[in-house]
Amino acid sequence: MNELISLTQSAINGELQQTVNARELHVFLESKQDFSTWMKNRIEKYGFVENQDFVVFRKKMEANNATMIEYHITINMAKELAMVERNEKGRDV
């Protein structure tokens, strides 16, 4: 099977699970929304729960001293996000 989006492993709720980088999924789905807005809206609208459906990592950016937030999401969350995108890329996932 060809891997459309790279999988990693993250500790979620004390268990090691396969996860997807939400930023990579967002790019793959070709969403027109800004990533942070897209992610926050999806979490709120579909009731995803931190440390159950996803984990958050904050990275300091050296260039402008900003903080970038990364989300590692479970496979089930990634599938649901892909389905609600309602496009061909979502069906591919």
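Reader: Why does Phe-54 count as buried?

Author: Buried means under 20% relative accessible area, exposed over 50%, and partly exposed in between, with a 1.4 Å probe and protein chains only. Phe-54 has 4% relative accessibility, so Phe-54 counts as buried. The model is a predicted one, in which local features need pLDDT of at least 70 and side-chain atom pairs count only at pLDDT 80 or more, while totals for chains, interfaces and linings use all residues. Residues are numbered from 1 along each chain as its sequence is written, and side-chain values use heavy atoms, with hydrogens and water left out.

Reader: What makes Tyr-71 buried?

Author: Tyr-71 has a relative accessibility of 9%, and therefore counts as buried. Phe-35 is buried as well.

Reader: Which residues touch the most other members of the largest nonpolar core?

Author: A nonpolar core is a set of buried Ala, Val, Leu, Ile, Met, Phe, Trp, Tyr and Cys residues joined through side-chain atoms within 4.5 Å. In the largest such core, which has 19 residues, Leu-25, Met-39, Phe-54, Tyr-71, Ile-73 and Met-77 touch the most other members. Two or more residues come from each of helix H1 (22-28), helix H2 (35-46), strand E3 (54-60), strand E4 (67-74) and helix H3 (75-85). Helices (H or I, at least four residues) and strands (E, at least two) are DSSP runs, numbered from the N terminus.

Reader: Which residues does Tyr-71 touch, not counting residues up to four places away in sequence?

Author: Contact means heavy atoms within 4.5 Å. With those sequence neighbours left out, the contacts of Tyr-71 include Val-20, Phe-35, Met-39, Ile-43 and Phe-54.

Reader: Why is the pair of Phe-35 and Tyr-71 called edge-to-face?

Author: Rings of Phe, Tyr and Trp (its six-membered ring) pair if their centres lie within 6.5 Å; planes under 30 degrees apart count as stacked, over 60 as edge-to-face and the rest as tilted. There are four aromatic pairs by this rule. For Phe-35 and Tyr-71 the ring centres are 6.0 Å apart and the planes are at 65°, so the pair is edge-to-face. Phe-35 belongs to helix H2 and Tyr-71 to strand E4, 36 residues apart, and the pair thus links distant parts of the chain.

Reader: Why is the pair of Phe-54 and Tyr-71 called tilted?

Author: Their ring centres are 5.8 Å apart and their planes are at 55°, so the pair is tilted. This pair also links distant parts of the chain, with Phe-54 in strand E3 and Tyr-71 in strand E4, 17 residues apart. Ring pairs join Phe-35, Trp-38, Phe-54 and Tyr-71 in a cluster.

Reader: What makes E1 and E3 the edge strands?

Author: Two strands pair if DSSP finds at least two bridges between them. The open sheet has four strands in the order E1-E2-E4-E3, with antiparallel pairing. Strand E1 (7-12) and E3 each pair on one side only, and they are the edge strands.

Reader: How many bridges join strand E2 and E4?

Author: Strand E2 (residues 15-21) and E4 pair in the antiparallel sense over three bridges. Asn-21 has His-72 in E4 as its bridge partner.

Reader: Why does Asn-13 count as exposed?

Author: Its relative accessibility is 60%, so Asn-13 counts as exposed. Asn-13 is placed in the loop between E1 and E2, and has a positive phi of about 55° although it is not a glycine.

Reader: Why is Asn-51 described by its relative accessible area as partly exposed?

Author: Asn-51 has a relative accessible area of 41%, and is therefore partly exposed. Asn-51 lies in the loop between H2 and E3.
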